[in-house]
Every structure is written in C-alpha cells, then in structure tokens.
Amino acid sequence: MTTLTDLRAQIDALDADLLRLVDARAALGKAIGEAKAREDTSTEAVSLLRPDREAMLIRKLLAMPRGAASNEVVVRVWRELISENLRIQGQARGGLHLNFSAKEHSREVLVWARERFGIAPSFGYVDDTTAAVAAARDVRNISILSLDPRGGAWWARLLAEKSVRIIAALPEMSQARPHAVAVASIAPEPTGDDLTFWVSDSGEREERIIDDLSQRGFAADWVCSAQGLKLFSLIGFVQENDARLHGALGSLTGIIGAAPRI
C-alpha cells in the first residue's frame, strides 16, 4: 500500500523533473533568440508575439490525454512558459510591455491581461484610450482596453491605423461576449478557430445588421455600441479585403483584427 510519505516523495521527484524541463525549455528560448538575431537582416523591428502559433500549441496540448489536470491549469502553465520564453528572447530589445488606460483601469482587466500574457511583461498606465492605441504602434507594446461602452468607441480608431489590430479577446477562455481586448502592431494570422472584429457606423438596429451579415455568409454577434458606432464579432478568420463585406450596412465599416479562441 502506497503511503502518504511515498506519494509526497513522488511529487518531490516530479517537481525536480519539471524544473529541469522548464530550464531546458528556457535555454532553447535563449538559443532561438540568438538564432533570430543572427539571421534577421531587416532593420525593421518585428514583434516577438505569435498569437496564432501560441493558440495552436495550447489547443494541441488541451487535446492530449490527461487523467487529472484541468484545462485551466494547462493554459495557465503554458501561458507562463510562453511568457518566460518571450522575455528571454526579447532581453536585447527591452522585452514586452503592457499598457492600460488609466481612465479605464479595473482589477478584472488587469487579471485577464496577466492570465493571457503571463507575469513576465512589464506594465504601466497611459492617460487614455487614444494614448493606449498610439503606444501599441511600437512592436514592444501591447495595449489592453475595455469594451465597456462607457469608454467610448475607441476601437473605431483602428480603422485608420496602419498596423495596430486586435490580437486577443479577454477573458481568453470565456466563450461569452468579450469584455476587453489586446491590441498590438501585428497582422493577425488564421488559426482555424478565430473571432474577427468588424466595425459599422450603420444606424440600423444590431439585429438588422446581423441578418445582413448572415445573408453574406457570416455568423455574427453584436459586441458593443458607442457614439453611433457598432462592433461585431464574426466567427472565423475574415480577411480585411473580403469581397463579401463590400457594400455592407454602413458608410464607415471595416475589420480591425482577429483573436484566436481557446
């Protein structure tokens, strides 16, 4: 019969094995960073983030057989491992930094951001949503912004941005309507299970717009409305130049990013 002492000894042994594996993974991250530095001949700064690759890795892990570990702990552990890997790779460039709007700060948004991006990135506050979007033009920055309508239609500004796009919906593991998003200077890539964000200034009711989108082949859901503008999520990865959206309801419309679903 296995005693409590035996079980604790097994956990101690596993902890030692886990530490060795985590350290080996971190060493590979360092090697990858060094290889990228040697091979990168471009003078243009590139983001360390790969939301598509991260999502597909986590989905693969979640699909593997398990006897006891919950989905939540698998996601949290690997989010921290990825975060540490990016910290090591980005040491020469100053790493990643999370920006929060001081006017929109809430404990929930901070928790959701840390769950998604891990503990490694530094964080701070900017004056408002305009400053947060501007900060995200730097590839070292990620801005975390609430979708609370009281914060205005800040997301519509992304229509005029050259590169800043929504890259994550928060909280990450929720299947409900997102409450916040992360924006960064990255071109989203398809992962096979995504939400695309689309803006319209149409004066029609949200239900009418959803019906119109359905007729065009999209499964859409209303996310929020503010200042005469409406934000919708489209199931799947939709290209910004998708012909099906030409002439859709509204005179000011467009896709402003996409987020992988876990």
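T191 counts as buried, because its relative accessibility is 10% (buried means under 20% relative accessible area, exposed over 50% and partly exposed in between, with a 1.4 Å probe and protein chains only). The model is a predicted one, in which local features need pLDDT of at least 70, side-chain atom pairs count only at pLDDT 80 or more, and totals for chains, interfaces and linings use all residues. Residues are numbered from 1 along each chain as its sequence is written, and side-chain values use heavy atoms, with hydrogens and water left out.

T191 sits in the loop between β5 (180-185) and β6; strands (E, at least two residues) and helices (H or I, at least four) are DSSP runs numbered from the N terminus. Leaving aside residues up to four places away in sequence, T191 touches D52, M56, R59 and P260, where contact means heavy atoms within 4.5 Å.

## Packing of α2 and α3

Helix α2 (residues 51-62) packs against helix α3 (residues 71-89) at an angle of about 145°, and their axes are 10 Å apart. Axes are lines fitted to C-alpha atoms, for helices over the stretch in contact, and angles run from 0 to 180 degrees between N-to-C directions.

On the α2 side, E54, L57, I58, L61 and L62 meet N71, V74, V75, W78, R79, I82 and L86 of α3. By class, this contact has nine nonpolar, one polar and two charged residues (Ala, Val, Leu, Ile, Met, Phe, Trp, Tyr, Cys and Pro count as nonpolar, Asp, Glu, Lys and Arg as charged, and the others, Gly among them, as polar).

## Aromatic pairs

The structure holds four aromatic pairs. Rings of Phe, Tyr and Trp (its six-membered ring) pair if their centres lie within 6.5 Å; planes under 30 degrees apart count as stacked, over 60 as edge-to-face and the rest as tilted. The F123 and Y125 pair is edge-to-face, because the ring centres are 6.1 Å apart and the planes stand at 80°. F123 is partly exposed at 37% relative accessibility, and Y125 is partly exposed at 40%. F100, F123 and Y125 form one aromatic cluster.

W198 and F232 form a tilted pair, 5.9 Å centre to centre with 45° between the planes. W198 lies in strand β6 (residues 194-200) and F232 in strand β8 (residues 229-235), so this pair ties together parts 34 residues apart in sequence. Both W198 and F232 are buried.
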